[in-house]
Amino acid sequence: MKKLLILGAGTSGTMMANHMVKKLPREDWDITIVDQYKTHYYQPGFLFLPFDLYKSKDVKKKGENFIPRGVNYVLQKIDKIVPEKNQVILEKEILSYDILIIATGTKIFPGEVEGMKGPKWYKNIFDFYTYEGAKALRNKLREWEGGKLVVHISEMPIKCPVAPLEFAFLADSYFINKKMRDKVDITFVTPMGGAFTKPKATKALHYLLEGKNIKEVTDFAIERVDYENNKIYDYGGQEVEYDLLVTVPPNLGDPVIERSGLGDDMNFVPTHKATLQSKAHKNIFVIGDASNLPASKAGSVAHFEAEILEENILRYIKGEPLKEEFDGHANCFIETGHGKALLIDFNYTHEPVEGTFPFPGVGPLKLLKESRMNHFGKLAFRWIYWNMLLKGTHIPFVSATMSESGKHFEKED
Amino acid sequence: MEKVINGKTVKVNEEGYLTDLSQWDKKIAVELAKEKGIEMTDKHWEVIDYIQNKYKSEEPLSIRGIKKSGVINIKEFYDLFPGGPLKVSTLIAGIPKPKSCM
């Protein structure tokens, strides 16, 4: 009996379990998935939880409901991967594998920034990248009377890179609806050159910041949080004052990757960007946020990767060359507040542009433009996530690699 | 777009970043640095060399990576390339600046 072992039962791992169980003959292959937590979170919902737009039950379900029959589901902590022996050491047992899929994701590490995870953590400093953080922030916002709201990114890369900007947009709506927008000053602080970093998006969307009166502080690489005086400082000498700091702490790969000596500077696993095979070991594949691919860390990316990884694992088993097909495709709805959203569709080489999606020239969704339809798309996505995406069902009309038709690309100059 | 730097025509994007690293040379880097008010020193070259190698081996650039590299600490990095060291150093190195998804 051969063994396929999947580490991590989040979005990527669960999808791969569903993909592979349909493809690998049961008499030859034993499939096991390992995770330490029994809850599966709908992470995109963490953006809505602080604003009372989603309830807890919308974003958490039992993980086992999504693990297909025929797959062994092991709830244990992972201590270490030992590639030389094709083994993974768990807290209570050792599992061996013929093929390993690493889907251990990325986590926030607020302890990496001086003063962030101090006495004011979850008092007036919050994250919204965890269920606990988003919920604590919701409780804070319910009673907050206003002041300086600073939405902050510590360092790149982060999971779902636009989420902080969406947070700022939704905060604007939230305080307008609560009739207290005049009491709230919103500032967006980023380590990059701007809230938008690509030319087309900057041109098409910068009006959103002005229109919503959101201030922008750029090139801010945080050095420390002065939680006693409510200020953040950067290495270049800039300082920003806050009353409420909503930060995205450094995102790093899982510590198990570091313990196993498989990671880069940020504990992400060096991975071939078109095949998803790890660079160090041929029988280890990496999917989702755990890899070091120059793609966005997002569920849609993992979904497109899964379709290609399924095929590459089957090819690997047959001894055929792997398909160099993954193009970094991402497709994301971006909330802009007041019941509207944007949609962006892009890959390694093409920045988001305007156009129609998924049907060229028809839509019904518009790319890089605000619309109500896009907002409904984002809300519908929660259903798609639980009922189609996790189960590895192909989303109709949306291919794993990016389509260039219906998009307003300029001719290469 | 094209730009003439130190008598040589190179391809650049709308923000002035070289789009083809093979067109880069040290003289071009010196000129690009001057535009940013930077006089290149040995330490600058060491950093440029490091980030170009990262780029060539397709490894992502990050402040944390720089910190762990042993080449330079973050304070020095800011002193050498004021006003956004990753943004400025990548421009001089002839490689794309770090971007988000939009």
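The structure is a predicted model, and every value below was computed from it. In this model 37 residues of chain A are in contact with 24 residues of chain B, and the area buried between the two chains is about 2,500 Å².

**Extent of the interface between chain A and chain B**

- The size of an interface is often expressed as the accessible area that is lost when the parts come together.
- Of the roughly 2,500 Å² buried between chain A and chain B, carbon and sulfur atoms give 54%.
- A:Thr197, A:Tyr235 and A:Asp265 together supply 27% of the area that chain A buries against chain B, which is more than any other three residues supply.

**Polar and charged pairs across the interface**

- The count of salt bridges between chain A and chain B is five.
- A salt bridge is formed by A:Glu155 and B:Arg64, whose closest N and O atoms are 2.7 Å apart.
- Seven residue pairs are found in polar contact across the interface of chain A and chain B, with both residues of each pair at pLDDT 80 or more.

**Make-up of the chain A side**

- On the side of chain A that touches chain B, the elements that give two or more residues are helix H5 (199-211) and strand E22 (340-346) of chain A.
- Helix H5 of chain A gives the largest share of that side, with four residues.
- By class, the residues on the side of chain A that touches chain B divide into 20 nonpolar, five polar and 12 charged.

**Helix crossing in chain B**

- The axes of helix H2 (residues 42-56) and helix H5 (residues 85-93) of chain B come within 9 Å and cross at roughly 85 degrees.
- Because angles of 65 to 115 degrees count as roughly perpendicular, H2(B) and H5(B) are roughly perpendicular to each other.
- The contact is made from H2(B) by B:Ile48, B:Ile51 and B:Gln52, and from H5(B) by B:Ser89, B:Thr90, B:Ile92 and B:Ala93.
- Sorted by class, this contact of H2(B) with H5(B) has four nonpolar residues, three polar residues and no charged residues.

**Backbone details in chain A**

- The peptide bond from A:Met156 to A:Pro157 is cis, with omega near 0 degrees, and A:Pro157 lies in the loop between strand E12 (147-153) and helix H4 (163-177) of chain A.
- A:Gly363 and A:Pro364 are joined by a cis peptide bond with omega of about 5 degrees, and A:Pro364 lies in strand E24 (residues 363-367) of chain A.
- A:Asn86, a residue other than glycine, has a positive phi near 50 degrees, and A:Asn86 lies in the loop between strand E6 (78-82) and strand E7 (87-90) of chain A.

Notes
Residues numbered from 1 in each chain as written. Chains lettered and ligands numbered in written order. Predicted model: local features only at pLDDT ≥ 70, side-chain atom pairs only at ≥ 80, totals over all residues. Heavy atoms only, no water. Contact = heavy atoms within 4.5 Å. Buried area = accessible area lost by both parts, 1.4 Å probe. Salt bridge = Lys/Arg side-chain N within 4 Å of Asp/Glu carboxyl O. Polar contact = N/O pair within 3.5 Å; in protein donor to acceptor, adjacent residues only side chain to side chain. Nonpolar A, V, L, I, M, F, W, Y, C, P; charged D, E, K, R; others polar. Axes fitted to C-alpha atoms, helices over the stretch in contact; angles between N-to-C directions. Parallel < 35°, antiparallel > 145°, perpendicular 65-115°, else oblique.
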